[in-house]
Amino acid sequence: MFKLKLPTDPRWANIAEGNIQEILTDHAWCEQKAATNAISLIIMLSEYPDIVTELLAIAQEELDHFNQVHEIIKKRGYTFGKARKDDYVNELAKFVVQGTREKLIVDKILFAAMIEARSCERFKVLTENIKDEELKVFYRELMISEANHYTTFIGLARQLGEPEAVNKRWEEWLEYEASIIKSYGNKETIHG
């Protein structure tokens with residue numbers, strides 16, 4: 001999926017299902033951060049009205065996902081926990097180049113694409129491996145949405161940068177992500 005170099009071990013779903021409250025809280029905060037990231041990209045790309053429109057749709061959808069997860073937390077009588085740092089995302093952020101404005105923008109968009117790709121893959125693992133029927137359906141729907149976000153981000157990167165250079169940089173992102181993801185998959189967090 002998305003050419004990810006290292007798939008998630010399906011046993012991660014068992015870890016996640018062992019503490020549904022924690023995975024839902026972590027997931028909710030991931031959605032909030034995704035919305036915030038889309039808004040940050042809007043600020044960087046304000047001179048491109050069509051791109052702003054696409055990013056605004058993503059931001060709104062991510063906030064809607066945040067709301068949906070929050071409603072599941074409330075419905076199940078769980079306590080919505082505090083925001084937590086996402087070590088995986090923080091490690092990915094270290095790979096963003098600080099070059100020309102174009103290179104920085106393309107990399108920030110590829111950073112977003114990578115997070116969406118891995119989140120989509122994790123949602124697929126949950127869909128295929130957990131017993132909770134409500135969450136199976138829920139994560140299947142989100143998996144499709146995350147795939148659309150990934151596709152949008154890759155398309156935006158190719159629109160703003162030279163497509164062959166973007167494809168080459170995406171391959172570098174895939175290699176880097178594979179080098180760090182092998183340290184994850186043992187916690188009840190979306191990326192952990």
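**Basis.** I worked from a predicted model, in which local features need pLDDT of at least 70 and side-chain atom pairs count only at pLDDT 80 or more, while totals for chains, interfaces and linings use all residues. Residues are numbered from 1 along each chain as its sequence is written, and side-chain values use heavy atoms, with hydrogens and water left out.

**Confidence.** I looked up pLDDT (the predictor's confidence in each residue, from 0 to 100). The chain averages 94, and 99% of the residues score at least 70. Helix α1 (residues 11–17) has the lowest confidence, at a mean of 92, and helix α3 (residues 49–75) the highest, at 97. Helices here are DSSP runs (H or I, at least four residues), numbered from the N terminus.

**Helix α3.** Just after α3, G77 takes a positive phi of about 75 degrees.

**Largest pocket.** I took a pocket as an open set of points on a 1 Å grid over the protein atoms alone, where a 1.4 Å probe fits, with protein on both sides within 12 Å along at least five of seven lines; lining residues have an atom within 4 Å of a point. A volume is the space filled by probe spheres set on the points. The largest pocket has about 310 Å³. Of its 20 lining residues, C30, K33, A34, V89 and I115 are the closest to the centre. Helices α2 (20–44), α4 (87–93), α5 (101–129) and α6 (133–160) each supply at least two lining residues, and α2 gives the most, with 7. I counted classes with Ala, Val, Leu, Ile, Met, Phe, Trp, Tyr, Cys and Pro as nonpolar, Asp, Glu, Lys and Arg as charged, and the others as polar. The lining has 9 nonpolar, 5 polar and 6 charged residues.

**Second largest pocket.** I recorded a volume of about 210 Å³. Its lining includes V97, K103, D107, G161 and R169. Helices α5 and α7 (163–181) each give two or more residues to this lining, and α7 has the largest share, 5 residues. By class, the lining divides into 4 nonpolar, 1 polar and 7 charged residues.
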